[in-house]
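Subject: Structure handover and notes

Hello,

Please find the structure below. My notes on it follow.

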Amino acid sequence: MRRNILVSLISFITCLLLFSVIVQASSDENENVVSLFDNTKRIQLEEHISIFADINNAYTIDDIRSSSFEGTFELNQESIPNYGYTDTVYWVKVHLRNQSSKDIWLLEIDNATLDYLSLYFPETAYENAYVSETGDLLPFDNREVNHRNFVYRLQLEENNITTLYLRFESEGAMQLPITLWHQDAFIEKSQLEYALLGIFFGILSIMALYNLFLFFSLRHWSYLFYVLFIASNIFIHLSFTGTAYQYIWPEQSWWNNRAIVLFMLISNIFGYLFAKSFLEMRKVIPGLNSIFNYLIFCNFVIIFLLFYSYSLALNLVVISSGVTVLLMIWAGISCYRKGYQPAKYFLLAWHISFIGTIISLLADAGFLPIYFVTKYAWQITASIEFLLFSFALADKINMMKKEKEQAEQEVIKSNLRALENLKKTDKLKDEFLAMTSHELRTPLHGMIGIAETMYDGATGKMTQSMKKHLSMIISSGKRLSHLINDILDFSILKNDAMNLHLKKVHLKELVDVVIIMSQSLLNEKNIRIINEIDTNIRPVLGDENRLQQVFFNLIGNAIKYTERGTVVISAEEDGKMLQVHITDSGIGISADQIDTIFDAFNRGGNNSEEQSGTGLGLNITKKLIEAHGGNISVVSQEGKGSTFSFLIPLFQEVGFKEAKEEVSATLFSEQHSKYSHHIDDETLMIDNKGKNIKILIADDERVNLQLLSNHLSLQGYYVDTAKDGDEVLHKVESGNYHLLILDMMMPRKSGYEVCQQLRKRFSLLELPVLILTAKNQEYDKVTAFDSGANDYIVKPCEKRELLSRTKTLIELSLAVRKIKEQMRELDDVNQRLLQINDELEGKVRERTVALKEVNDELLKANEDLIKLQNARTHMLSNISHEFGTPVTFLQSYIQSVRAGIIEANDAHYLKSVENKVNMLNRLIEDLYDISKLESGDITLMTKERNLHEWINQMYDKFETDVTRRKITLHKPVFTGNEEQDIRIDIDNDRMDQVFTNIIYNAIKHTNEGGDIWINVVVKDRQEVMIEIKDNGHGIKESDLPFVFERFFKGEKVINGKIGTGLGLAISKEIIHHHNGEISVKSTEGNGAIFCISLPIVD
């Protein structure tokens, strides 16, 4: 029984152990493992880490790594862990699996204010973990990577899971932004960060300098306090971002931990002083002014406490900063309510500062998540705050200006001479403020860049004084840039952290490149730089970029201390080393300075501005040469020049195989060395049959030639190759290439020299040149473009970028060729146009003759018009006579009746009187009609009429009256109209008036027994032509132009009396108002034909 129980118990324990193993395995499998691949650039680890809070700081790494702690770590649920101000120690665990071919990764903790930080990295040979400790309370030299944040270099084995433990302890804000970076991505990100920080600090520095200049000009204390307020904030942000610890006080860890608090207190003090001065609080709000004095004293007390209790001072400064912002807002509101206008910008600035302060405090205290806005809210709002303060000061100056003008008006009667001087001063002040305000509003993208654009006139015309100051800023900025670069190199070399990329380097070509880049240093000095290195000298083993830096420093140093003469570079082999000499004919070096010439910060005893420097160039040069396994020395005689000599190892073919294997990796960023095996001359020949675009590639590495040939050939290009500069020039002479891709460093001739020689024959558009090189310095690119390159790509590069730029340059080349072809065609067209122009000139001459003939005819017509005017005047006289005759008759008749000479009811005389009255009425009606028609005041009452019906109606109306006068009116004849329904739009009464005038005109000029015909012709259903023809005595040819003129009368009247001379003129106006035309044809003795054309209704 007991045995059965024991067996059951053992079985149960066994199952329990198996279950625990299975659960543990499942747990391991479910661990949050971060996988790294070749294309991984960065990973935010916050969502992959597990966190354990060590509240009492009681555990060690051995405890944490023990199996008993497996379940104590909790997976992070926040975006970025943020625990605010706490004394708790936090442990972080993360699992990494490296599935890439890269073994070096960088781990960054982006919080520069952490006090202590430990990384526990397992070593393969030991059970204990390798620990790396850092923090802002430890010396900066403890850091593995020289960076403002905490960065660890991790070496992760391929396809292995590595577990990292990190321990965090800090009295400040416990924020844990953790990122894993690939080296290249981290460098790119760091460069961008430092650039943005540089812009931020540059803006604040320029604002401080600008207002300091205003202080010296205006002697107003507000500007000085504002400058000190900006300066203290600059140091706050320098400390907060870790930049100050990296560059200003890297050895002062105790001070670095307290710097942020100290500068925050100093910022509060100067903020109070600025507010007191700017708002004139002693006069405007004296009660609050006293409170500000008390708070200034309190901040000094907290500064004293800082050196005894950091945690107490930290809590007090947080409270003090909040109180400061609130009181500043209160002060601004109080002053603004009392009518102090400059307080509006002050109030707005502190409101924005309040928002930024609240966000930062809540984020530091752990109440807000950490992301870009909450992390940098302080910096963002501070920039806006300082800008608004500048506006506030400018507004105050404007207010002071108005007050000053009022004061000037008050004393104008007592001192006229003083008034004129004040006006001149005020005008100068206005011009100064306008100019400086413009410069302040100009976007500041960096001190050096903006100063250069201003110097070049981007903001308008500059005075000589301004140019002088700007040139000082530019030169100072450039010296500062060089100083930073030299200090970085000096620091790297001092710590033996320089990584040299050794390869075969042709020294003559490298020196040629440096000589080209050094031309800008001559500054019109009469100096010849001579390269005497033999073309056939053996290559050296070195880092090409660093050797270029060595030569640039030494040649630049020789140019600096030589006013005229030569700088000669020579070399000779010395066993396995190459000895290089750089000899100048400058001022030389004194004997007491020879021994210290290579020391850091030694300037050779010459402190002139032209020859000043950082004092690091020769020290860096010495360390670089020593890093290559060589040494440097100098021989000099004061007044006669110096010779710097150094040794560099020669390249040995045997035992050095990695050069060719690494070349392919330097061309394309995603290209591996799969093309680097078994390459010979035959493999470089690509089948390009049928391809029309020709590209010439020049590189001294066959692997690069092969890779470029493969990629370009697949795009349909014909690819040719060259291995040195001379071969490039030879092939370009004999081939018609659309594009040339050049490496900078090639045997015999460098890419710069090749480009310069090609530009003597080909323009930028005729033969585009693309520089493809590993050199990425700015002066390399500038020199390439100055030599005539169209484009510049730095190795390693993306294949798509290379193909895209190649395509663009080829399209440019093809476009230029097409333009040339079109220009040739245009020349042909131009010749044709010249021929046509000659023909046109002949025709113009012919036209000129014809125009002269027309002009003569117009002159004759003008004479005729003058005669017509005279005739009209004569006719008006006749009309006056016509009016006078019946009026005279009527007056005589009335007088005779009154005198009893004639009976009042005498029928004969009554008939005569009636005729005279009718004549007057008709004359008046005709004059009224012609005036209304010619002025356009008449309105036609038109309606559609059938053409046949209307013409027949006209015939019926006049047939009896014409017959009564013994003249035959023939029936209308219609032609050209098969259809009977032809419609026209007419005013019946007015057209009756036209027919009456023309018919009776025909009757008056036709003998008894004569004939009148009416013919109607329809033309294309668009127009109808009505002809009224008689066989009377006709019209003189000289009278035909005047038939339709007013008051024109014919001379012969056969039937009836002479009319008013207005009938035909009225008829013409009526026809024109119907959009028609009327004309007359006649020969004397053969009658006349009146033609009327009217439009047909669609």
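Which residue with a positive phi follows α19? Gly 629 does, with phi near 90°. Helices (DSSP H or I, at least four residues) and strands (DSSP E, at least two) are numbered from the N terminus. This is a predicted model, in which local features need pLDDT of at least 70 and side-chain atom pairs count only at pLDDT 80 or more, while totals for chains, interfaces and linings use all residues. Residues are numbered from 1 along each chain as its sequence is written, and side-chain values use heavy atoms, with hydrogens and water left out.

Helix α19 itself covers residues 617-627. Its buried residues are Leu 618, Asn 619, Ile 620, Thr 621, Leu 624 and Ile 625. Buried means under 20% relative accessible area, exposed over 50%, and partly exposed in between, with a 1.4 Å probe and protein chains only.

Most residues other than glycine have a negative phi. Asn 159 has a positive phi, near 65°, and sits in the loop between β10 and β11 (161-169). Asn 159 is exposed because its relative accessibility is 54%. Lys 966 also has a positive value, with phi near 60°. Lys 966 belongs to the loop between α27 (947-964) and β27 (968-969), and its relative accessibility of 55% makes it exposed.

Salt bridges

Side chains of opposite charge can pair when their charged atoms come close. The search of the whole structure gives 17 salt bridges, each being a side-chain nitrogen of Lys or Arg within 4 Å of a carboxyl oxygen of Asp or Glu.

- Glu 563 and Lys 525 form a salt bridge at 4.0 Å, N to O. Glu 563 is in the loop between α17 (544-560) and β17 (564-574), and Lys 525 is in the loop between α16 (507-518) and β15 (526-531), so the pair ties together parts 38 residues apart in sequence. Glu 563 is partly exposed at 40% relative accessibility, whereas Lys 525 is buried at 14%.
- Glu 727 and Lys 731 form a salt bridge at 3.5 Å, N to O. Both are in helix α22 (residues 725-734), and because they are four residues apart, about one helical turn separates them. Glu 727 is partly exposed, with a relative accessible area of 27%, and Lys 731 is buried at 18%.
- Arg 805 and Asp 791 form a salt bridge whose closest N and O atoms are 2.8 Å apart. This pair links distant parts of the chain, 14 residues apart: Arg 805 is in helix α25 (residues 799-899) and Asp 791 in strand β25 (residues 791-794). Arg 805 is partly exposed at 27%, and Asp 791 is buried at 16%.

A network of salt bridges also links Glu 108, Arg 148, Lys 189 and Glu 193.

Aromatic rings

There are 21 aromatic pairs in the structure. Rings of Phe, Tyr and Trp (its six-membered ring) pair if their centres lie within 6.5 Å; planes under 30 degrees apart count as stacked, over 60 as edge-to-face and the rest as tilted. Phe 52 and Phe 73 make a tilted pair, 5.9 Å centre to centre with 50° between the planes. Phe 52 lies in strand β3 (residues 50-54) and Phe 73 in the loop between α2 (61-65) and β4 (74-75), so this pair ties together parts 21 residues apart in sequence. Phe 52 is buried at 11% relative accessibility, and Phe 73 is buried at 10%. Trp 249 and Trp 255 form an edge-to-face pair, because their ring centres are 5.7 Å apart and their planes are at 80°. Ring pairs also join Phe 52, Tyr 59, Phe 73 and Tyr 165 into a cluster.

Regards
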